[in-house]
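Thanks for sending this one over. Please have the model open beside you while you read my notes.

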Amino acid sequence: MYSRDGVCSIRLPLLLSLCLAGCGQSGPAPNSNSPDVLVLKQNPVHPQITVTGASTIAPLMNEIAKRFELQHPELRIDVQTGGSSRGVTDSRNGLSDIGMVSRSLKPDESDLQRFPLARDGVCLIVHSDNPVTSLTDEQVVSIYQGKTRNWKDVGGPDQPITVVNKAEGRSTLEVFAGHFKLPTNEIQADVVIGDNEQGVKTVAGNLQSIGYVSIGTAEFNRDAGVPIKLLPLAGIEASVKTVNDGTFPMSRTLHLVTKSKPTGIVHELIEFATSSKVHDLVKELSFVPIE
Amino acid sequence: MSRSSKDLLLVAVLRGLAVVSGLVVVCIVLFVLVEAFPALSDVGPSRFLSDASWHPDESPSTGTFNLLPIAAGTLLTSLLAVVVAGPLGILSAVFAQYYAPARLAGWYRRLVELMAGVPSVVYGLWGLVVLVPLVNRIHPPGQSLLAGVVILTLMILPTVALLTDAAFTGLPAGYARGAAALGLSRSTTAFFVMIPAARSGLATAVMLALVRAMGETMAVVMVCGNVARMPGGLFAPVRTLTATIALEMGYARGDHRSALFACGLVLVIVVTVFILCVELGSYRRPAHGD
């Protein structure tokens, strides 16, 4: 599980720096001559990068930060959550070096430098033996509002629908509810689940169920032989490919933003985070890497 | 070192350890209280009982925080599981103690111990891929109070069985001899002599089982359906306090996060009340022969 308070600090480098200070050495501090891009708090000798913003991106950014710190043991990266808007404001007024934004940027936010980190796609899944091959947006909304309660009303067999929903606060729920403009408190669920794997298992074990999970997870499980079917949305096939090229509607791009063109270690971190070196982490957290 | 100073040292060490273990519990309760405080003051205890639903948010004005269905879910699943597992566990111990031949009893106990050692996530996975589809065939969706009760029963059954067995073993041998001298049958001995004599041990066994059922998380998350509504029957999904914490903690901020600690607080209070009840009960009616 992701850190409880949404704040993760890697303390090892700090300890290390204390050791070094004890030895009477001033530890390596690259780029300490460009303080404009570094927020130097607490420890004047060692650089620290503060990243704030969307809680969707934070777990991924945490993993990326850990890997980056392995290469730069003197560096300390502080990842804090607080929503996309905080990511924008913090990076604008210099409270953070990098902001994390999980929605598309608004027109008045064009002053920020943006770096696409990964894509996040969500698709509807049903059991593979379910004869229904597609649902219109209205049908999906009606099912999730509890107005349509039987598969026969949407072209399926005469069986009650089991609505599988995500727990409050999950980013998949956010994407799903955002796409269908469905307030989360109007959703009438029969089963509430936690992570994507549980969603896949729930749907695979229940012929009458419908759920939604990250596309990466759904595709991986379907290809591994799990009896689930990915439903297309507005006629567009649900796959990592359509999420990647931006045609799949229920998806979004996760961005990193900075106030000005990044330099020094911040630039290096952004380069690293958007490179193929972290694609395994992106996939692990069920996002889609940007090719 | 003289004998008495050794004893004094031992007493000091034991006292120190006792204080530490006591302090740990106090610290946990304090921590939960402190973390739950923002929700208790911003949202207010009354809204935890009267809000329309459980749709928490980081700001108290946009979220709704009704904990009642969730608390009811915890009580229902664990109490029902104890109602089923309690008698079964006691009967299992009676069998191992008074009916099974010595060798069979040894193997039987080992089997029950093995059952106690299976991690809860294994029970949960089994529940999700085997039990839930079975329940689904009777009445969809399958994730239900019933599935939760069955899984919890399986999980706490060995707790009751092993502790009851230990309570029987701890009874003075004179009871069995006296019963034999009176010519009592085996069933009369077991049910009218031994069980009443071991009553406080049995109460502890059932209590620990109940507390384990209330604290169980992973398995419950997987089979109960986790819908935060008042459960409408055996086949309706339920959500427990622990499941709420597990499902939402990773993503919760602000008062939402604090409300989850309030869930923990409710759990602590409920468990404390149950333990106090058992303690008071056993003070009032001490077991025979003590």
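The numbered points below go from the whole chains to single residues.

1. First, the ground rules. This is a predicted model, in which local features need pLDDT of at least 70, side-chain atom pairs count only at pLDDT 80 or more, and totals for chains, interfaces and linings use all residues; side-chain values use heavy atoms, with hydrogens and water left out. Residues are numbered from 1 along each chain as its sequence is written, while chains are lettered from A and ligands numbered from 1 in the order in which they are written.

2. Chain A, overall. Chain A has ten helices and ten strands; helices (H or I, at least four residues) and strands (E, at least two) are DSSP runs, numbered from the N terminus. Of its 291 residues, 57% are buried, where buried means under 20% relative accessible area, exposed over 50%, and partly exposed in between, with a 1.4 Å probe and protein chains only. Among contacts in chain A with a separation of 6 or more, 73% join residues 24 or more positions apart; contact means heavy atoms within 4.5 Å.

3. Chain B, overall. Here the count is twelve helices and two strands, and along the sequence of chain B they follow the pattern α-α-β-β-α-α-α-α-α-α-α-α-α-α. The C-alpha trace of chain B spans about 70 × 65 × 35 Å along its principal axes. Chain B has 290 residues, and 43% of them count as buried. Residues 24 or more positions apart supply 72% of the chain B contacts with a separation of 6 or more.

4. Chain A has an accessible surface of about 12300 Å², with 53% belonging to carbon and sulfur atoms. Chain B exposes about 14500 Å², and carbon and sulfur atoms supply 72% of that. These areas come from the Shrake-Rupley method with a 1.4 Å probe; for residues, only the protein chains shown count as cover. In chain B, the mean positions of the 18 positive and 13 negative charges lie 15 Å apart. For that value, Lys and Arg count as positive and Asp and Glu as negative, without His and the chain ends, and a charge is placed at NZ of Lys, CZ of Arg, CG of Asp or CD of Glu.

5. Helix α4 of chain B. Its 16 residues (102–117) should span 22 Å at 1.5 Å a residue, and the end C-alpha atoms are 23 Å apart, which agrees; the expected span is 1.5 Å times one less than the number of residues. The buried residues of α4(B) are B:A105, B:G106 and B:V112. Seen down the axis of α4(B), these buried residues fall within an arc of 130 degrees, so they line one face of the helix; the arc is that of the directions from the helix axis to the C-beta atoms. They pack against α3 (68–99) and α6 (145–169) of chain B. On the other side of α4(B), the exposed residues are B:R103, B:W107, B:L111, B:L114 and B:G117.

6. A buried serine. B:S78 sits in helix α3 of chain B and counts as buried because its relative accessibility is 0%. Beyond its neighbours within four places in sequence, B:S78 contacts B:L152, B:L210, B:A213 and B:M214.

7. Two buried loop residues in chain A. A:A54 lies in the loop between β2 (48–53) and α2 (58–71), and is buried with a relative accessible area of 1%. Not counting residues up to four places away, A:A54 touches A:T81, A:G83, A:S84, A:M100, A:V101 and A:S102. A:M250, in the loop between α8 (240–244) and β10 (251–258) of chain A, is buried at 1% relative accessibility. Its contacts outside four places in sequence include A:D120, A:C123, A:F176 and A:H179.

8. Backbone spots to check. Most residues other than glycine have a negative phi, and most peptide bonds are trans. Phi of A:A234 is near 50 degrees, a positive value, and A:A234 is exposed, with a relative accessible area of 60%. B:N226 also has a positive phi, of about 60 degrees, but B:N226 is buried at 0% relative accessibility. The peptide bond from B:P140 to B:P141 is cis, with omega near 10 degrees; B:P141 is in the loop between α5 (120–138) and α6 of chain B.
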